Amino acid sequence: MKKYVCDPCGYIYDPELGDPDSGIKPGTPFEDIPDDWTCPICGVSKDDFSPLD
């Protein structure tokens, strides 16, 4: 599963870890996160994330 980085703040969403504090279970691919999820660090939307190479 691909990791994604928040363009404004650099937070990295790792699907293996998920975002339990926001209700995103470990093992959840970025594509399956609800559209209203926001970066836990700076609060931007999923649109502001880019695939991490």
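Which residue lies over the face of phenylalanine 30? In this predicted model, that residue is lysine 46, placed at 5.1 Å from the ring centre.

The protein contains three strands and zero helices, and its elements follow the pattern β-β-β along the sequence. The radius of gyration is 10 Å, close to the 10 Å given by the globule rule for 53 residues, so the protein is as compact as a globular protein of that length. Along the principal axes, the C-alpha atoms fill a box of roughly 25 × 25 × 15 Å. Of the 53 residues, 34% are buried. Among contacts with a separation of 6 or more, 46% are between residues 24 or more positions apart. The accessible surface comes to about 3,400 Å², and carbon and sulfur atoms account for 48% of this area.

Aromatic side chains were examined next. Seven aromatic pairs are found in a search of the whole structure. In one of them, tyrosine 11 and phenylalanine 49 have ring centres 6.4 Å apart and planes at 85 degrees; the pair is edge-to-face because angles over 60 degrees are classed in this way. This pair links distant parts of the chain, since tyrosine 11 belongs to the loop between E1 and E2 while phenylalanine 49 belongs to strand E3, 38 residues apart. Tyrosine 11 has a relative accessible area of 19% and is therefore buried, the cut-off being under 20%. Phenylalanine 49 also counts as buried, at 8% relative accessibility.

A tilted aromatic pair is formed by tyrosine 13 and phenylalanine 30, with 5.9 Å from centre to centre and 55 degrees between the planes. Here too distant parts of the chain are linked: tyrosine 13 is in strand E2, phenylalanine 30 is in the loop between E2 and E3, and the two are 17 residues apart. Tyrosine 13 is buried, with a relative accessible area of 0%. Phenylalanine 30, the ring whose face lies under lysine 46, is buried with a relative accessible area of 7%. Both of these residues belong to one aromatic cluster, formed by Tyr4, Tyr11, Tyr13, Phe30, Trp37 and Phe49.

Threonine 28 lies in the loop between strand E2 (12-13) and strand E3 (49-51). Its relative accessible area of 17% makes threonine 28 buried. Apart from neighbours within four places in sequence, threonine 28 is in contact with Met1, Tyr13, Pro15 and Ile33.

Proline 8 is placed in the loop between strand E1 (4-6) and E2. With a relative accessibility of 54%, proline 8 counts as exposed, the cut-off being over 50%. When neighbours within four places in sequence are left aside, the contacts of proline 8 are with Cys42, Val44 and Asp48. Proline 8 and proline 34 are separated by 26 residues in sequence, and their C-alpha atoms are 20 Å apart in space.

Terms used
Residues are numbered from 1 along each chain as its sequence is written. This is a predicted model: local features need pLDDT of at least 70, side-chain atom pairs count only at pLDDT 80 or more; totals for chains, interfaces and linings use all residues. Side-chain values use heavy atoms; hydrogens and water are left out. Helices (H or I, at least four residues) and strands (E, at least two) are DSSP runs, numbered from the N terminus. Buried means under 20% relative accessible area, exposed over 50%, partly exposed in between (1.4 Å probe, protein chains only). Contact means heavy atoms within 4.5 Å. Rings of Phe, Tyr and Trp (its six-membered ring) pair if their centres lie within 6.5 Å; planes under 30 degrees apart count as stacked, over 60 as edge-to-face and the rest as tilted. A charge sits over a ring if NZ of Lys or CZ of Arg is within 6 Å of the ring centre and within 35 degrees of the ring normal. The radius of gyration is taken over C-alpha atoms; the globule rule is 2.2 Å times the number of residues to the power 0.38. Accessible areas come from the Shrake-Rupley method with a 1.4 Å probe; for residues, only the protein chains shown count as cover.
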